[in-house]
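Here are a few exercises to work through with the model open beside you. Try each task before reading its solution.

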Amino acid sequence: NGRKGDIVNTMVAFTRIRKHRLHDLLVSLRVQTAPTVIDRSERHFVGTVIIQKTPVSIVPVPVPDESIYDKRKKVLGENHPDTLNTLLTLGYDYGKTDNYEKALYYHQRALVQQKQTLGPEDPSLIATMRHVAYDQFKVKDYQTSLETYRQILEKVSRIYGEEDLHTAQARFDLASVLNTLKHKEEALALYRQAYECRKKQLGEQHKDTIKILDRIQKIKERM
């Protein structure tokens, strides 16, 4: 019994040590947050939220250095991949500062350069088009944004096929914008198509499938 008690006491002490270490880790952990219109969690971080005992603070995001693009363009050339990536980086970084006008400017320039360098049908254009569509939405150019998302869906479905998960994601993105703009019926139809694809490809219990089902139920409740 004495030995059993020692083991229990050791386990309790170890558990307390783990809790303290976890607390210390959380105190020092930095978590980035992103504004979402269309569930794009990987996009446009607005700052670094520091979890700590004192009230939460936001670490300011540095202003992007536009001179980097001019330097790379001069040294490497306009069509060099590193020069092109600089345009994308500037667009992304301006998005982090909530300057979506500038973000849109650089993402659109990058898209033009990609089309000239890679060709209009290159799949890598799709990611840049999504950045452009998102920025257009954020600057309240809703109709242009909507048209860009429609173009994305058309391109993705043509490249990957109607039943591909890329196409399901494109339908989800377009449906999310339509839903935000109160086009409930069209949004619902696209959500259902995306749901059927994800259910088939990922299964009913996958988090991405459940996410769409939740959207469908919410729209139906508000119609």
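**Exercise 1.** Does Thr 128 count as buried or exposed, and at what relative accessibility?

*Solution.* A word on the ground rules: this is a predicted model, where local features need pLDDT of at least 70, side-chain atom pairs count only at pLDDT 80 or more, and totals for chains, interfaces and linings use all residues. Residues are numbered from 1 along each chain as its sequence is written, and side-chain values use heavy atoms, with hydrogens and water left out.

Step 1: get the cut-offs. Buried means under 20% relative accessible area, exposed means over 50%, and partly exposed is in between (1.4 Å probe, protein chains only).

Step 2: apply them. Thr 128 has 2% relative accessibility, so this residue counts as buried.

Step 3: find its place. Thr 128 lies in helix H5; helices here are DSSP runs of H or I with at least four residues, strands are runs of E with at least two, and both are numbered from the N terminus.

Step 4: look at the surroundings. Contact means heavy atoms within 4.5 Å. Leaving aside neighbours within four places in sequence, Thr 128 touches Leu 88, His 107, Ala 110, Leu 111 and Gln 114.

**Exercise 2.** Work out which residues of H6 are buried, and what covers them.

*Solution.* Step 1: size up the helix. H6 has 19 residues and reaches 26 Å from its first C-alpha to its last, close to the 27 Å expected at 1.5 Å a residue; the expected span is 1.5 Å times one less than the number of residues.

Step 1: list the buried ones. They are Ser 145, Leu 146, Thr 148, Tyr 149, Ile 152, Leu 153, Lys 155, Val 156 and Ser 157. An α-helix has 3.6 residues a turn, so residues three or four places apart point the same way.

Step 2: name the cover, which includes H5, H7 and H8.

Step 3: check what follows. Just after H6, Gly 161 takes a positive phi of about 100 degrees.

**Exercise 3.** Find the residues with the most contacts inside the largest nonpolar core.

*Solution.* Step 1: define it. A nonpolar core is a set of buried Ala, Val, Leu, Ile, Met, Phe, Trp, Tyr and Cys residues joined through side-chain atoms within 4.5 Å.

Step 1: the largest one has 33 residues, and Tyr 149, Ile 152, Leu 174, Tyr 191 and Ile 212 have the most contacts inside it. Elements giving two or more residues to this core are H4, H5, H6, H7, H8 and H9.

Step 2: there's also a second, separate core of 8 residues, including Tyr 69, Leu 84, Leu 87 and Tyr 106.

**Exercise 4.** Which loop holds Asp 98, and which holds Lys 140?

*Solution.* Step 1: Asp 98 sits in the loop between helix H3 and H4. Its phi is positive, about 65 degrees, although Asp 98 is not a glycine.

Step 1: Lys 140 is in the loop between H5 and H6. Lys 140 isn't a glycine either, yet has a positive phi of about 70 degrees.

Step 2: Asp 98 is partly exposed at 43% relative accessible area, while Lys 140 counts as exposed at 60% relative accessibility.
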